[in-house]
Number of protein chains: 2
Amino acid sequence: MSSATAITPTRADDFPEWYQQVVRAADLAENSEVRGCMVIKPWGFGLWENIQRQLDAKFKATGHVNAYFPLLIPLSYLEKEAEHAEGFATECAVVTHHRLEAQKQEDGSTKMVPTGELAEPFVIRPTSETIIGAAFARWVESYRDLPLLINQWCNVMRWEMRPRLFLRTAEFLWQEGHTAHETEQEAMEEAKLMHGVYEEFLTTHLAIPVIPGEKSARERFPGAVNTFTVEAMVQDRKAIQAGTSHFLGQNFAKAANIEFLGRDNIRHLAWTTSWGMSTRLIGTLIMTHGDDDGIILPPRIAPTQIVILPVTPKPETRDAVIDACEALAKTLRSQTYHNEPLRVHVDKRDIPGGQRNWEWIKKGVPIRLEFGPRDIEKRSVAVSRRDKTPKGKEFIPKEQFIRDVEEILDSIQTTLLQRATALRDANTKKLETEAEFREYFKEDAPGGFALMHWAGSSEEEERIAKEMKVTIRCIPKGDQYAEEGTCFLTGRPSNRRVVFARSY
Amino acid sequence: MSSATAITPTRADDFPEWYQQVVRAADLAENSEVRGCMVIKPWGFGLWENIQRQLDAKFKATGHVNAYFPLLIPLSYLEKEAEHAEGFATECAVVTHHRLEAQKQEDGSTKMVPTGELAEPFVIRPTSETIIGAAFARWVESYRDLPLLINQWCNVMRWEMRPRLFLRTAEFLWQEGHTAHETEQEAMEEAKLMHGVYEEFLTTHLAIPVIPGEKSARERFPGAVNTFTVEAMVQDRKAIQAGTSHFLGQNFAKAANIEFLGRDNIRHLAWTTSWGMSTRLIGTLIMTHGDDDGIILPPRIAPTQIVILPVTPKPETRDAVIDACEALAKTLRSQTYHNEPLRVHVDKRDIPGGQRNWEWIKKGVPIRLEFGPRDIEKRSVAVSRRDKTPKGKEFIPKEQFIRDVEEILDSIQTTLLQRATALRDANTKKLETEAEFREYFKEDAPGGFALMHWAGSSEEEERIAKEMKVTIRCIPKGDQYAEEGTCFLTGRPSNRRVVFARSY
């Protein structure tokens with residue numbers, strides 16, 4: 001297996017199928033018999049636990065607290081914000097009954113059937129603006145009760161017709177922040193603050209470079225005034241929206257009646273925001289960092305950062321080798337990496353070394369350490385870094401490895417970010433004309449991000465989307481995108497380039 | 001307010017209403033407009049986060065890993081284990097449609113109505129044995145794949161007709177462990193191991209003494225062979241089942257077809273277990289440790305262990321006092337308590353000192369520290385312990401407090417456990433005759449735990465339950481309950497006493 005790749009097909013041969021195979025080879029998740037709902041297996045869930053813990057710390061550091069709101073939303077809540085209701089209506093799981101009854105069938109068997117019909121049906125939350133809005137309306141009386149800075153970690157459900165593991169599933173896990181403020185400015189600052197937190201988290205923790213910016217009207221969250229997004233490019237040059245933060249204006253406050261007595265002794269509607277990231281991040285991670293041997297995990301969020309593989313050529317020295325491996329693991333675990341204890345696993349399974357090694361390659365563990373009788377003697381370890389091509393191991397004095405391990409992990413983290421940034425930059429082009437645009441995104445072209453002057457309408461954007469499957473990913477923030485020019489489609493003047501791309 | 005109690009009514013006057021008022025006064029949770037579903041507010045959710053983190057560490061230390069399984073369960077899965085299906089049929093939320101459609105009403109308005117009827121309805125998981133069993137059946141091929149040691153943190157739904165915040169809600173949060181083993185003995189050991197983990201967690205972390213034991217056949221989990229329970233007594237002398245661990249035999253393995261090729265090269269059914277604890281723990285905590293001023297939180301799981309209350313009599317020294325409080329908080333936060341950084345909050349709100357103080361009393365923070373200009377001068381702090389009656393503060397040199405803080409917190413933790421144990425023991429009686437039993441549990445008697453010899457049938461147990469609302473809480477483990485005697489109801493010989501009580 002040393003010359004071939006662990007994943008068939010390769011990325012170049014069939015990217016979507018490569019993705020499915022990487023998920024399977026790393027044992028991250030699988031489809032269940034419930035249409036569109038996945039089972040997140042322990043290795044995949046370990047990733048989510050690390051994402052969750054590290055992101056949660058950032059929310060708390062910015063003053064947010066966690067709470068929990070009901071899974072079920074009365075239909076009447078959803079109807080209050082018309083755009084929002086319309087946006088989610090076609091993908092809502094609806095609860096209509098509250099019990100089951102055994103019913104005799106014609107063939108003599110019994111079957112469970114729903115009974116106890118509800119006076120008002122509920123939908124399983126596709127997102128919680130409406131139900132959290134109802135709670136906020138109860139909680140807020142005066143400006144002194146503001147801001148409310150709440151986050152919820154939970155499951156949500158959107159009935160997807162074309163599910164794909166992690167990237168698009170009927171049920172997914174996420175966090176949804178919901179805040180209410182006294183002034184428009186404060187709410188806008190909050191939406192932008194969390195947009196920044198997402199950008200920083202993706203870049204620093206997941207080693208995923210993103211273009212932060214704002215969504216066009218057509219791509220906004222249903223009911224939002226502004227939607228801020230962070231857009232990643234994965235290895236098939238498509239975009240993935242990795243997180244969004246919405247300035248909701250007073251739309252949801254009006255729908256839910258979130259009113260407060262202001263400093264001026266007059267009743268006002270609050271200004272609200274919401275922001276979310278989901279298990280979709282794991283799909284983005286795979287598509288950003290995987291290679292033809294499987295996933296490569298950024299050290300900061302890897303469930304295991306270092307796997308120790310005992311080399312036991314002779315049964316009579318096996319116990320001694322394993323003891324030495326455990327001792328090394330213990331030393332490493334007593335050290336920290338970015339304020340968390342190092343996550344080290346000793347794989348003691350008595351299976352062929354090649355098989356064992358490939359399993360950990362496919363699972364993407366940043367560092368593999370082989371440690372056998374000769375290494376014990378020489379006080380060295382054989383270190384394999386998952387980010388290195390060609391694969392090969394380096395013998396390092398054990399004490400040096402223990403001393404430098406954080407540095408090595410940081411170097412892997414940096415390599416992944418640099419590699420992804422280079423790919424993104426190499427596939428981002430400033431184009432000027434409709435002909436260039438059409439050439440760039442024609443069916444067999446690799447595509448990428450196109451930086452285009454744009455002054456079209458939502459209808460014109462819709463036409464491009466339908467015809468070419470290319471959408472405006474964001475109107476990027478930052479000076480480097482601000483320049484005078486001419487809309488490539490309409491010829492109208494424009495003062496800023498936007499990012500067009502195909503997307504997941 | 002200094003002579004009265006903060007909660008009306010008192011425990012003695014109306015325990016159920018006292019409970020509701022404590023939940024409200026501490027701002028732990030509230031009812032939502034979704035029948036039986038609660039909103040867990042930040043202070044209540046902070047408790048759950050601590051419970052979750054500490055319990056999760058114990059699961060991981062005993063070799064378990066987390067994963068996530070679908071929220072929705074196909075009806076056909078549920079039907080496979082008949083007892084199980086019957087046990088949950090009357091309380092299942094059923095999803096029957098997957099979209100909504102705006103429908104014009106006669107009055108010209110539009111209304112959302114369910115559409116897209118599903119070929120097979122789903123229930124929202126009331127528990128996940130069936131859906132996790134289906135995954136296990138896919139994952140297990142050989143004895144080498146066993147044991148599977150999985151846990152899931154999630155929400156579940158059981159349509160409750162008489163909900164009560166935390167104790168009995170239609171939706172609740174919990175963890176459910178699910179394991180599969182090669183042998184009956186291993187599975188039984190696992191069920192007992194987790195039973196022990198629950199007992200230790202309740203006693204050590206929540207300061208709740210419990211009687212560990214086994215459920216009678218009538219009280220078993222639907223589909224289980226044995227159910228092990230930990231039973232707490234709360235202050236109105238009723239029992240609360242605080243956690244259960246089930247040995248499922250091969251019942252669910254058979255229903256889901258969890259088969260493996262054994263060491264003998266023959267196919268076998270696996271042996272499975274499941275075990276769970278839920279947000280019900282928070283209700284148990286309140287009813288165990290609350291007093292007439294509100295909840296008292298055990299330091300190990302308190303969201304804030306120490307609240308610092310700046311005393312600012314003069315506006316001109318306010319900034320200096322607050323700086324000194326922040327400095328003290330910083331020093332304390334750099335220390336740990338049971339391996340977690342101390343959780344310290346400085347309440348800088350400019351509200352009347354009495355109101356501020358009472359808020360933290362009602363929220364149950366273990367230690368309140370007042371710190372003002374005179375304390376800064378004298379290098380002392382005014383310490384109020386939430387477990388002390390009468391309330392009163394003690395002046396301690398600041399350096400001594402910083403040095404002894406862990407000890408003080410441990411002393412509060414111990415006091416709470418001792419107090420709860422004393423109440424439980426004072427209200428646990430060995431009784432012999434039916435007359436004594438009826439007297440003990442007559443309607444206006446305080447009741448408690450009755451240790452009774454029992455050799456009755458499930459039908460006889462059912463009769464007692466219907467007539468007197470008293471059930472067998474558990475057949476307790478431990479030598480002290482093993483003795484020869486005569487069943488109080490049937491006169492049959494018995495070799496063990498069981499615990500009877502009213503319960504939540």
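A polar contact is here a pair of N or O atoms within 3.5 Å, where within protein one atom must be able to donate a hydrogen and the other to accept it, and where residues adjacent in sequence count only if both atoms are side-chain atoms. By that rule, 32 residue pairs, both members at pLDDT 80 or more, are in polar contact across the interface of chain A and chain B. The structure is a predicted model, in which local features need pLDDT of at least 70 and side-chain atom pairs count only at pLDDT 80 or more, while totals for chains, interfaces and linings use all residues. Residues are numbered from 1 along each chain as its sequence is written, chains are lettered from A and ligands numbered from 1 in the order in which they are written, and side-chain values use heavy atoms, with hydrogens and water left out.

## The interface of chain A and chain B

With contact taken as heavy atoms within 4.5 Å, the interface draws 62 residues from chain A and 62 residues from chain B. The two chains bury about 5,000 Å² between them, 66% of it on carbon and sulfur atoms; buried area is the accessible area (1.4 Å probe) that two parts lose on being put together, summed over both. Y68(A), L100(A) and M112(A) supply 13% of the area that chain A buries against chain B, more than any other three residues.

A salt bridge is a side-chain nitrogen of Lys or Arg within 4 Å of a carboxyl oxygen of Asp or Glu, and the rule finds 4 of them across this interface. One of the salt bridges joins K60(A) to E49(B), with the closest N and O atoms 2.7 Å apart. Strand β6 (residues 110-124) of chain A contributes 8 residues, the largest share of the side of chain A that touches chain B; helices (H or I, at least four residues) and strands (E, at least two) are DSSP runs, numbered from the N terminus. By class, that side of chain A has 40 nonpolar, 8 polar and 14 charged residues, where Ala, Val, Leu, Ile, Met, Phe, Trp, Tyr, Cys and Pro count as nonpolar, Asp, Glu, Lys and Arg as charged, and the others, Gly among them, as polar.

Strand pairing also crosses between the chains: strand β5 (residues 94-104) of chain A and strand β5 (residues 94-104) of chain B pair in the antiparallel sense over 3 bridges, pairing being assigned if DSSP finds at least two bridges between two strands. Within this arrangement V95(A) has V95(B) as its bridge partner.

## Two buried strands of chain B

Buried means under 20% relative accessible area, exposed over 50%, and partly exposed in between (1.4 Å probe, protein chains only). In strand β8 (residues 171-181) of chain B, 11 of the 11 residues are buried, so the strand is largely enclosed by the rest of the structure. Residues pointing one way from β8(B), among them L173(B) and H181(B), are buried, as are those pointing the other way, including F172(B) and W174(B).

Strand β10 (residues 226-233) of chain B is likewise largely enclosed by the rest of the structure, because 8 of its 8 residues are buried. Its covered faces carry N226(B), F228(B), V230(B) and A232(B) on one side and T227(B), T229(B), E231(B) and M233(B) on the other.

| Strands of chain B | Sense and bridges | A bridge pair |
|---|---|---|
| β7 (residues 148-157) and β8 | antiparallel, 10 bridges | M157(B) and E171(B) |
| β10 and β11 (residues 239-247) | antiparallel, 8 bridges | M233(B) and A239(B) |

β10(B) and β11(B) form a hairpin with 5 residues between them, and R237(B) in the turn has a positive phi of about 75 degrees.

The peptide bond from L146(A) to P147(A) is cis, with omega near -5 degrees, and P147(A) lies in the loop between α5 (129-139) and β7 (148-157) of chain A. In chain B, a cis peptide bond joins L146(B) and P147(B), with omega about -5 degrees.

D27(B), which is not a glycine, has a positive phi of about 60 degrees; D27(B) sits in the loop between α1 (15-25) and β1 (29-31) of chain B and is partly exposed at 34% relative accessibility. N257(B), in the loop between α7 (251-256) and β12 (259-261) of chain B, has a positive phi near 65 degrees and is partly exposed, with a relative accessible area of 47%.

E359(B) belongs to helix α10 (residues 353-363) of chain B and is partly exposed, with a relative accessible area of 24%. Leaving aside neighbours within four places in sequence, E359(B) is in contact with R349(B) and I351(B), and its side chain makes a polar contact with the side chain of R349(B) at 2.7 Å.
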